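Please look over the sequence and structure before reading on.

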Amino acid sequence: MTRKETTWLVVLFILATLSGCRAKPPAAPARPVKTQAVEVLSNNAGLRYSASISPSTELELAFKVGGYVSAIEQVRGVDGQMRHLQGGDVVKKGTVLARVRPSDYQVKVNQARSQASAAEAGVEGAKDQSVQAQAAVETTKAQLNEAEAAHNRAKLDFERAKTFFASQTITRSDYDSAKSQFDVTEARVAAAQAQVRSATAAAKAAAAQVHSMQAKSRGAGEVVNEAKIPLGDTALRAPMDCTILKREVEVGTLVAPGKFGFLIADLRSVKAVFGVPDRAVQSLKLGMPLTVTTEALSGQEFRGQITAIAPAADSKSRVFEVEITMPNADNALKSGIVVSIEVQSGPLPSDVLVVPINAVVQSKEQPGNYALFVMETQNGKQVARLRNVRLGDAYGNTVAVTEGVRKGEQVITTGATLVIDGEPVQVIP
């Protein structure tokens, strides 16, 4: 063997040694999961159902008018400093949660008020003219009365003059003078009557003008009231004593009419909705008291009562929705907390294996069917094995398994939707 060949053999040996000593990549850490044993359905205790707490009343408050948000209600924070409202703050009915800049709408109100003032002034002017016109009617009527009285006297004088003239008791000039006076007074009566008619017509026109101006003034007042509505709507007020769940605006935000601003809720009473099968719904009645517990409050019990039962089952799940309501004066039950509700049931079947509903996943091998991840030990390690199963009826938070598992086997509950068949897992308490 030549020296060159010997050198290449040494190089190959070194490379092979280094390749054999290369560290293997670290194994993936076991996925943490929670498990529960397959159990036989208990016939002694009531069935338990899970539900989440929601407010008895929950509202989305939106702005009625658009504009820039100029103010948000402030409260004192835990640090003693003033801050804007945020989730968890409690406010009283009528509190202005936020306000859109009102100046744009105040201008319209001022314009409407100016027009209303002008219309009101027009009413007063028309009333003055009407009073003057009515006074003119009275004056012309008085003048007519005087003219008629003078005419009556002249008429009597003329009648006597005709008689005396016929008997040649008076001269022709006296007769002509009486007749002339009669004609003058008759003309004055006609003129006075014309003045009365003219003054009366003017008075009627003035009265009509008053009514017209009053109608215009009422219309201007309605315009003012209409302009005040959007001005008032610049303030977004709490419609009830409530808790702020969410705020979606900041000072300076440009909002449009209908823009969602706050999510509020009345948490003085809360409700929980859960589904029960047809065999269980028969024993439930409106007003029936039920016990509610939650792990979030160390198993503390709350008393509620059934306030609604669905008249028909859900078309897919075939369960009936049941709503219970409970007082929450101390705000212990927060929105979203998961609670457990115990419902006393009639006789249950025996020797039925059940697993928690949250352990059930879709089968990958048989679409439309179901499976469970069962804990198995391989090479001293715990692994999750996907096993197809056949399900039966639901019993509270559990479901019967008629095929695929045995009593006592551990199935994955928390994390069942994340693990992979054959993946190492670590059971956590």
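What is the relative accessible area of Lys162? Lys162 has a relative accessible area of 34% and is partly exposed. The model is predicted.

**Salt bridges**
- The count of salt bridges comes to 18.
- Glu159 and Lys162 meet through their side chains in a salt bridge, at 3.6 Å from N to O.
- Glu159 and Lys162 are 3 residues apart in helix H2 (residues 103–166), so about one helical turn separates them.
- Glu159 is partly exposed, at 38% relative accessible area.
- Another salt bridge joins the side chains of Lys246 and Glu248 (3.2 Å, N to O); Lys246 is partly exposed at 41%, and Glu248 is partly exposed at 34%.
- In the salt bridge between Glu376 and Arg387, the closest N and O atoms are 3.3 Å apart.
- Because Glu376 lies in strand E20 (residues 370–378) and Arg387 in strand E21, this pair ties together parts 11 residues apart in sequence.
- Glu376 and Arg387 belong to a network of salt bridges with Arg406 and Glu409.

**Nonpolar cores**
- The largest nonpolar core has 32 residues, and those with the most contacts inside it include Ile53, Phe274 and Val339.
- Strand E13 (260–276) is one of the elements that supply at least two residues of this core; its share, 6 residues, is the largest.
- Apart from this core lies another of 18 residues, among them Leu236 and Ile264.

**Largest pocket**
- The largest pocket holds about 1,100 Å³ of space.
- Among the 42 lining residues, Arg48, Ser50, Gly396, Asn397 and Thr398 are the closest to the pocket centre.
- The lining divides into 20 nonpolar, 14 polar and 8 charged residues.

Conventions: Residues are numbered from 1 along each chain as its sequence is written. This is a predicted model: local features need pLDDT of at least 70, side-chain atom pairs count only at pLDDT 80 or more; totals for chains, interfaces and linings use all residues. Side-chain values use heavy atoms; hydrogens and water are left out. A nonpolar core is a set of buried Ala, Val, Leu, Ile, Met, Phe, Trp, Tyr and Cys residues joined through side-chain atoms within 4.5 Å. Buried means under 20% relative accessible area, exposed over 50%, partly exposed in between (1.4 Å probe, protein chains only). Helices (H or I, at least four residues) and strands (E, at least two) are DSSP runs, numbered from the N terminus. On a 1 Å grid over the protein atoms alone, a cavity is a set of points where a 1.4 Å probe fits but cannot get out, and a pocket is an open set with protein on both sides within 12 Å along at least five of seven lines; lining residues have an atom within 4 Å of a point. Grid points are joined across faces, edges and corners, and a volume is the space filled by probe spheres set on the points. Ala, Val, Leu, Ile, Met, Phe, Trp, Tyr, Cys and Pro count as nonpolar, Asp, Glu, Lys and Arg as charged, and the others, Gly among them, as polar. A salt bridge is a side-chain nitrogen of Lys or Arg within 4 Å of a carboxyl oxygen of Asp or Glu.
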